[in-house]
Amino acid sequence: MGDAEYMKYKDPKQPINTRINDLIGRMTLAEKIGQMTQIERQVASPDVMKKYFIGSILSGGGSVPAPQASPSIWVNMVNEFQKGSLSTRLGIPMIYGIDAVHGNNNVYNATLFPHNIGLGATRDPDLIKRIGEATALEVRATGIQYTFAPCIAVCRDPRWGRCYESYSEDHTVVQQMTDIILGLQGEIPVNHTKGVPYVAGKDKVAACAKHFVGDGGTQNGINENNTIVDQHGLLSIHMPPYYDSIIKGVATIMVSYSSLNGVKMHSNHDLVTGYLKSKLHFRGFVISDWLGIDRITSPPGANYTYSVQAGINAGIDMVMVPYNYTDYIDDLTSLVQKGIVNMSRIDDAVRRILRVKFTMGLFENPLADLSFADQLGKKEHRELAREAVRKSLVLLKNGNSPNQQFLPLPKKARRILVAGSHASNLGYQCGGWSIQWMGGSGDITTGTTILDAIKSTVADSMPVVYSENPDDSFMKHNDFSFAIVVVGEAPYSETVGDSTDLTILDPGPDTIRTVCSAVKCAVVIVSGRPVVIEPYVPLMEALVAAWLPGTEGQGVADVLFGDYGFTGKLPRTWFKSVDQLPMNVGDPHYDPLYPYGFGLTINSSLPGFSGVDSLGDTKQRVKYVLLCCLLSLILINDLVIGILQHPAALL
């Protein structure tokens with residue numbers, strides 16, 4: 001009797017492949033196709049999960065159970081859906097995915113880290129790994145087990161609306177930053193089989209390398225456009241981050257909306273199955289993008305049955321439907337019954353999905369609890385984000401000659417002005433993919449604006465005056481010691497962010513002209529990419545690229561006022577004019593305003609220095625002092641020995 005009820009797939013002591021084979025052998029076609037289906041939470045319910053055997057749910061950008069929902073509301077929602085899955089005949093748990101691309105960014109009160117372009121400026125893989133660890137905990141705080149991150153696009157044209165999701169124009173930097181996978185999923189064990197997904201346990205989440213492949217190389221930087229590149233360009237620029245991600249055990253890979261040499265990636269069998277699965281031995285599952293298979297045809301959805309056929313046969317394992325799941329399930333079922341999609345292709349997809357679920361312990365721990373609730377937005381994570389902001393800042397100009405530094409700014413002065421559209425706007429400094437898909441303006445979540453950070457950094461006795469866009473009269477009638485102007489781009493995501501002119505938000509240019517013509521000023525640019533700034537550089541004393549720093553604006557003030565040094569280096573070329581684009585380091589006619597890798601440090605030996613060197617944090621400064629002492633002792637020792645050996649030298 002006991003033997004008859006024993007199911008190997010339910011036994012965690014069994015090898016994963018044994019469990020997979022046992023479970024697949026028990027599954028009907030409907031149960032298999034259900035596993036290959038990912039639906040949006042708005043159309044999900046416990047009954048839907050049970051009836052259609054749905055394998056996965058997602059929250060699209062801004063899709064939340066309630067405004068400002070607490071961890072308990074999230075956990076209860078995820079568990080309700082999960083109970084529906086567990087009540088099916090075989091009890092296969094679903095996996096819930098969310099775009100936690102710079103922290104758990106859909107969730108109110110989460111720590112929002114700098115977007116990837118800023119992290120690329122740090123050149124610090126260890127920092128990025130720690131951000132992955134913190135993000136995993138904040139995602140688990142909401143009961144979610146899967147994030148659609150990291151984006152490992154190599155953005156070759158800043159006109160692309162997703163450029164801030166790319167760490168760099170240089171694939172070697174992007175490759176280094178794939179260490180975030182080790183933070184999200186856990187360090188892979190020694191002798192782990194290459195290509196097999198690895199997720200360490202309840203405090204980790206499944207990651208997703210995206211968007212396979214060439215999404216950052218589309219013509220003219222147009223989102224979802226065609227990437228024209230030869231084999232060498234593809235393998236040397238766009239593919240390398242995938243090698244690293246696979247070696248680091250990434251659980252899933254998302255296919256790009258874009259085309260490669262005219263072939264839609266969602267239907268590209270040669271690259272998805274032939275290269276990714278067969279040549280690179282990727283053993284996790286391949287997921288479509290949102291409505292990705294619909295867009296195989298032009299216009300999207302023109303022949304949905306063909307799209308399902310082309311996408312699944314190309315090698316996509318799980319389809320982000322996300323709404324009309326019955327159409328997808330019916331079409332795929334029919335295609336299998338007619339032999340147009342082979343059963344072996346279905347089994348391959350389900351095997352990969354189950355491998356991830358078994359690997360991450362989802363069968364043993366399908367239900368979330370509130371044990372991670374205190375991780376959301378916790379102090380240590382905000383301190384980590386603040387550190388990331390400090391290290392991401394790039395100093396592009398400091399004074400009008402090498403001997404006339406303007407930064408760091410003094411904490412004591414008669415009176416200072418803070419101006420600009422981005423100085424007191426948390427939503428603007430977070431950018432897109434922040435609470436809403438497109439981001440927002442104002443107090444979208446909890447955090448520290450750059451203005452508040454400045455106020456908390458300067459001496460209590462120093463008046464800080466804020467004026468978003470002061471006019472000439474205001475400047476004339478106020479006597480300021482110096483000004484900080486914070487301007488940049490409004491938030492955007494994806495295609496909405498595509499831009500041919502790359503200008504900063506009005507009235508930013510006027511604010512720079514008005515303020516910097518009247519008083520010495522430092523300009524801070526808050527943007528997802530290099531923007532047109534060359535015409536205004538002569539007006540300003542200092543220029544800082546702050547990218548999209550996220551919720552912890554204090555990191556900006558930390559460096560402006562000299563508590564820490566500037567260490568960031570440009571992760572991408574800063575153009576003079578958009579007419580030069582695309583322009584990347586190594587191009588024959590490379591003539592940038594600031595080259596790739598550029599980033600000034602502060603020279604602490606110059607007169608007027610505020611007393612903090614450019615070596616960064618306190619630990620580094622202590623090391624530096626100790627090193628100087630050690631060198632001094634060595635010199636004194638050598639001198640004494642020299643005198644003892646040659647006493648006549650003293651005469």
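Biologist: Leaving aside its neighbours within four places in sequence, which residues is Tyr328 in contact with?

Modeller: Contact means heavy atoms within 4.5 Å. Beyond those neighbours, Tyr328 is in contact with Met36, Thr37, Ile293, Tyr304, Val308, Ile312, Val319 and Val321. This is a predicted model, in which local features need pLDDT of at least 70, side-chain atom pairs count only at pLDDT 80 or more, and totals for chains, interfaces and linings use all residues. Residues are numbered from 1 along each chain as its sequence is written, and side-chain values use heavy atoms, with hydrogens and water left out.

Biologist: What makes a set of residues a nonpolar core, and which residues have the most contacts inside the largest one?

Modeller: The set must consist of buried Ala, Val, Leu, Ile, Met, Phe, Trp, Tyr and Cys residues joined through side-chain atoms within 4.5 Å. The largest core has 118 residues, and Phe212, Tyr328, Leu332 and Leu354 have the most contacts inside it. A second, separate core of 69 residues includes Ile117, Leu407, Tyr492 and Val531.

Biologist: Why is α13 called roughly perpendicular to α14?

Modeller: Helices are DSSP runs of H or I with at least four residues, and strands are runs of E with at least two, numbered from the N terminus. Axes are lines fitted to C-alpha atoms, for helices over the stretch in contact, with angles from 0 to 180 degrees between N-to-C directions. The axes of α13 (residues 304–314) and α14 (residues 325–337) come within 9 Å and cross at roughly 65 degrees. Angles of 65 to 115 degrees count as roughly perpendicular, under 35 as roughly parallel, over 145 as roughly antiparallel and the rest as oblique. Therefore α13 is roughly perpendicular to α14. Tyr328 also belongs to this pair, among the α14 residues that meet α13.

Biologist: What makes α10 oblique to α11?

Modeller: The axes of α10 (residues 231–238) and α11 (residues 240–247) cross at roughly 50 degrees and come within 5 Å. That angle makes α10 oblique to α11. Leu234, Leu235, Ser236, Ile237 and His238 in α10 meet Pro240, Pro241, Tyr242 and Tyr243 in α11.

Biologist: Is Gly508 buried or exposed?

Modeller: Buried means under 20% relative accessible area, exposed over 50%, and partly exposed in between, with a 1.4 Å probe and protein chains only. Gly508 has 1%, so Gly508 is buried. This residue is found in helix α20, where Pro509, Thr511 and Ile512 are among the other buried residues. The cover over the buried residues of α20 includes β13 (416–419) and β16 (521–526). The C-alpha atoms of Gly508 and Gly420 are separated by 6.5 Å, although the two are 88 residues apart along the chain.
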